[in-house]
Number of protein chains: 2
Amino acid sequence: MTGQDFSPKRCALVGGGVIGAGWAARFVLNGRDAVLYDPSPESRVRAEAILAMARAAWAKLLPGALPQEGRLHIAATLDEALDGADFVQESLPEIETLKCAVLARIDALLPAGVPIASSTSGLLPTRLQAGLRHPGRFVVGHPFNPVYLLPLVEICGGEQTSAETRTRVATFYRAIGMQVLHVRKEVDGFIADRLLEALWREGLWLIEEGVATTAELDDAIRYGAGLRWAFMGTFLTYRLAGGDAGMRHFLAQFGPALKLPWTRLVAPELTQTLIDRVATQSDDQAAGVAVRALESLRDEALVKIVRALATVGPQGYGAGATLNAFVAGRATVRQDGAPTGWQGVVPPDWIDYNGHMTEHRYLQLFGEATDRLLHAIGAGMDYVAAGQSFYTVETHLRHLGQAYGGMAITVRTRILDADDKRLHLFHTLTEAGGDTPLATAEHMLVHVDTARGRGAPMPGAVAEAIALLRAAQGGEPRPEGAGRAIAMPRRP
Amino acid sequence: MTGQDFSPKRCALVGGGVIGAGWAARFVLNGRDAVLYDPSPESRVRAEAILAMARAAWAKLLPGALPQEGRLHIAATLDEALDGADFVQESLPEIETLKCAVLARIDALLPAGVPIASSTSGLLPTRLQAGLRHPGRFVVGHPFNPVYLLPLVEICGGEQTSAETRTRVATFYRAIGMQVLHVRKEVDGFIADRLLEALWREGLWLIEEGVATTAELDDAIRYGAGLRWAFMGTFLTYRLAGGDAGMRHFLAQFGPALKLPWTRLVAPELTQTLIDRVATQSDDQAAGVAVRALESLRDEALVKIVRALATVGPQGYGAGATLNAFVAGRATVRQDGAPTGWQGVVPPDWIDYNGHMTEHRYLQLFGEATDRLLHAIGAGMDYVAAGQSFYTVETHLRHLGQAYGGMAITVRTRILDADDKRLHLFHTLTEAGGDTPLATAEHMLVHVDTARGRGAPMPGAVAEAIALLRAAQGGEPRPEGAGRAIAMPRRP
């Protein structure tokens with residue numbers, strides 16, 4: 001047993017702050033049941049609010065590919081939360097004695113084979129697992145806020161953590177869309193938080209000394225290096241700054257700056273004065289915008305950045321590549337099996353100022369249905385690469401109803417006619433499971449020799465595939481609305 | 001004279017490395033002539049290569065809104081570079097004595113009113129300006145790589161820098177799309193590089209101690225905090241991590257961690273062993289991909305991130321808001337004046353696998369032309385917000401030619417017919433300045449009371465505006481292709 005088939009169904013969350021509730025949302029959106037225990041009376045409202053935000057974000061992140069959700073349950077006691085759990089994620093406050101005490105109780109209640117992961121930002125797993133009866137199943141799985149959107153999770157084992165536990169937990173995290181970073185050497189703060197803490201401590205010094213405010217410090221990052229850090233990180237970026245000579249040149253050029261007093265080299269004393277200054281500046285920076293509204297902006301930006309990165313390079317880049325691999329790896333049903341059917345969900349950001357799906361998105365959907373049919377008759381991307389293609393020369397759209405954001409929709413495709421050079425198609429868009437057409441599209445396509453840039457007869461195999469599909473549709477009536485012209489009859 | 005109308009036309013670049021050439025590209029793309037001097041024989045090739053990359057990136061960043069370029073000239077001598085310059089940007093290596101010597105020569109050669117900005121990453125302006133005869137015109141303008149894409153520039157004056165110089169240089173930087181951060185207190189490393197240096201120094205320690213490789217350090221950022229830093233920065237992010245209680249709660253929760261040994265607090269010694277380790281790990285990380293290819297990936301990612309951020313929230317967020325303000329602030333001509341004409345440039349990423357503009361993008365363009373007409377007849381966004389709208393019920397598209405990426409195009413709109421509830425439009429898309437239709441669109445729109453969800457007569461003012469436009473178009477013949485139905489006539 002290597003742990004590579006570990007796939008928990010019921011995940012216990014111990015601690016339901018921003019991090020614990022974020023984990024719960026990620027689990028639920030990935031079809032796992034999440035049972036959350038937190039002594040705070042606010043935990044239910046918080047967990048449900050965060051799940052709602054996460055659901056809205058995922059609908060935009062993965063339009064048309066959302067799985068069946070698991071259930072979110074708020075447990076009244078720790079024992080109830082653990083009952084039947086096959087995975088535990090602990091996200092309590094960063095107090096070592098508190099974590100050790102609760103972890104010991106979790107360890108005592110659960111069967112030995114259930115992994116226990118801690119969300120600690122930097123406490124050492126060897127110390128956290130020291131008092132457990134089954135320390136081998138304990139590991140750190142450190143995520144980043146918002147847990148339901150940021151892919152990074154650091155896995156760090158202690159001296160007694162088993163290799164199988166690391167593998168099992170990594171397998172599970174990857175299955176729910178995360179990017180695992182194995183921390184090979186156990187150090188305080190692991191890897192990411194050491195870097196974040198260095199920047200944070202220096203920022204506090206600059207506030208302490210009156211050099212910059214919280215807003216200026218944030219601007220110094222978000223308009224500059226932060227844009228690069230979204231996909232490359234410091235070291236690859238600096239390699240590029242070195243030009244063609246790369247990192248060695250960069251070190252030669254900027255190495256001497258390490259001797260300059262560019263960092264204060266110590267953590268500042270967190271005096272009440274400094275606390276007040278940071279908090280006041282942060283209030284000014286937020287300018288009265290509530291945390292929930294800022295979170296909503298944050299999620300919108302993260303979704304759009306990750307989706308943008310998914311289109312960079314041939315396979316996506318950074319978090320975009322992680323998303324692409326995640327989507328490719330899960331069993332999504334975007335088609336209903338037949339090449340003349342296409343299913344999907346309307347992405348919420350396809351909605352126009354009327355509250356309806358934007359006009360050109362209808363044509364985009366019909367275009368996807370056309371591409372699917374072309375792929376099915378042997379005229380897909382390879383065919384185009386080899387020098388032949390079908391070009392659309394004429395399109396007739398009718399808008400008969402409205403599609404809304406999040407609506408599950410189906411496009412059915414009829415081949416109305418064809419000859420050796422032409423293909424006449426008719427698409428009907430309905431709500432999934434419904435019969436009422438919301439829109440139709442009629443297309444005339446011409447078969448083209450793309451090198452010569454002119455019409456050419458289609459190969460026999462393609463013509464045969466079209467004939468087979470037409471035969472299969474032979475019994476269906478000609479759709480209403482085909483062959484229409486736009487006209488405005490005068491009323492009497 | 002406040003300096004707020006400062007708009008140099010001929011910019012001298014002294015030093016043509018990655019930063020100097022990046023400045024040159026930004027100047028040229030913003031219609032300024034850039035004259036670059038660098039003693040290295042590679043400077044011409046590098047500057048032209050970087051300008052080519054920058055031009056490709058801007059075509060995607062600002063489709064349809066690119067201004068007339070300035071010229072790039074490589075000067076053979078410093079004197080030639082400075083001749084006639086009304087702005088100087090110095091980007092020499094970070095060696096204080098070298099910078100001081102060259103700045104003194106620039107100062108001696110140039111009229112006193114020409115501002116001189118230095119790209120130094122962290123040397124103090126008071127020291128750099130000390131030997132100048134006109135120190136008041138000297139200021140630091142510190143950009144970030146790639147200069148032509150990242151908006152941040154830190155402006156830091158020395159003790160003798162005049163207020164007017166700060167204002168003039170800030171005005172110019174904003175006019176070329178940058179986000180100015182005024183550094184109010186002169187400190188080594190200014191603001192951004194202190195933060196970057198803190199992270200970099202800690203990263204070098206983690207490599208020195210064998211905790212992580214350059215690739216792992218980059219992953220620790222780019223899959224996690226780096227995604228947030230692209231738009232929010234550390235302090236606003238941590239405010240959100242504090243939940244509804246905000247920054248004060250966050251400080252209470254994570255303040256104690258400042259006492260933990262999460263950073264090494266000193267810069268590591270840059271030994272030959274450490275240099276070799278960093279350089280070797282960086283080579284492994286790049287996996288044989290050339291710097292130029294990585295730069296291309298970087299630019300693609302930056303363009304897509306900034307464009308994504310331009311759609312976040314009502315005005316865009318972070319660098320996206322900067323881009324939107326930049327686009328709004330420049331004199332672009334997207335329309336030809338008449339409400340029945342629309343002009344633009346095909347964005348390069350609108351191209352499909354056939355090398356042509358994707359089908360649904362044609363409809364998007366025609367939709368923009370329709371929106372423009374509706375706005376002109378008094379039925380724009382405010383009208384929709386007030387409860388009335390025009391809905392498209394039928395569309396007929398004909399593809400007669402091809403639009404390619406970067407092609408300047410025009411859409412002309414005809415009102416074919418109208419009554420009190422219906423509007424019958426016909427759009428023709430051509431290459432700008434051309435007559436041959438590439439595509440046409442015929443639309444039937446119905447006037448709707450959106451609250452009741454049904455057709456309703458349009459108000460008199462709207463009907464009158466339509467009548468006026470029809471009258472203005474009265475002499476034009478009915479366009480060829482109007483009223484067509486899709487059909488496949490049998491050949492004999």
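Modeller: Start with H14(A). Its 18 residues should span 26 Å at 1.5 Å a residue, and its end C-alpha atoms are 27 Å apart, which agrees. The expected span is 1.5 Å times one less than the number of residues. Helices here are DSSP runs of H or I with at least four residues, strands are runs of E with at least two, and both are numbered from the N terminus.

This is a predicted model, so local features need pLDDT of at least 70, side-chain atom pairs count only at pLDDT 80 or more, and totals for chains, interfaces and linings use all residues. Residues are numbered from 1 along each chain as its sequence is written, chains are lettered from A and ligands numbered from 1 in the order in which they are written, and side-chain values use heavy atoms, with hydrogens and water left out.

Is H14(A) enclosed or open? Of its 18 residues, 13 are buried, so H14(A) is largely enclosed by the rest of the structure. Buried means under 20% relative accessible area, exposed over 50% and partly exposed in between, using a 1.4 Å probe and protein chains only. After the helix comes A:Gly378, with a positive phi near 85°.

H14(A) also meets its counterpart in chain B. Helix H14 covers residues 359-376 in chain A and in chain B. The two axes come within 8 Å and cross at roughly 170°. That makes H14(A) roughly antiparallel to H14(B). From H14(A), the contact takes A:Glu359, A:His360, A:Leu363 and A:Gln364. From H14(B), B:Glu359, B:His360, B:Leu363 and B:Gln364 take part. These residues divide into 2 nonpolar, 4 polar and 2 charged.

Some cut-offs for that paragraph. Axes are lines fitted to C-alpha atoms, for helices over the stretch in contact, and angles run from 0 to 180 degrees between N-to-C directions. Angles under 35 degrees count as roughly parallel, over 145 as roughly antiparallel, 65 to 115 as roughly perpendicular and the rest as oblique. Contact means heavy atoms within 4.5 Å. Ala, Val, Leu, Ile, Met, Phe, Trp, Tyr, Cys and Pro are nonpolar; Asp, Glu, Lys and Arg are charged; the others, Gly among them, are polar.

How are the two chains related? The same surface serves both: 99% of the contact residues of chain B recur in chain A.

The axes of helix H9 (residues 233-241) of chain A and H7(B) come within 10 Å and cross at roughly 105°. H9(A) is therefore roughly perpendicular to H7(B). On the H9(A) side are A:Thr234, A:Phe235 and A:Tyr238. They meet B:Leu196, B:Leu199, B:Trp200, B:Gly203, B:Leu204 and B:Ile207 in H7(B). This contact has 7 nonpolar residues, 2 polar and no charged.

A:Ala286 touches chain B too. A:Ala286 sits in helix H11 (residues 272-286) of chain A and, at 4% relative accessibility, counts as buried. Leaving aside neighbours within four places in sequence, A:Ala286 is in contact with A:Leu294 and B:Arg239.

In chain A, A:Phe190 lies in the loop between strand S8 (179-182) and helix H7 (192-208). Its phi is near 55°, a positive value in a residue other than glycine. A:Phe190 is buried, at 0% relative accessible area. B:Phe190 also has phi near 55° and a relative accessible area of 0%.

One more loop deserves a look. The peptide bond from A:Asn145 to A:Pro146 is cis, with omega near 0°. A:Pro146 is in the loop between strand S6 (138-143) and strand S7 (152-156) of chain A. The bond from B:Asn145 to B:Pro146 is cis as well, with omega near -5°.

Finally, the whole chain. Chain A has 16 helices and 14 strands. Its C-alpha trace spans about 80 × 55 × 55 Å along its principal axes. Of its 492 residues, 59% are buried.
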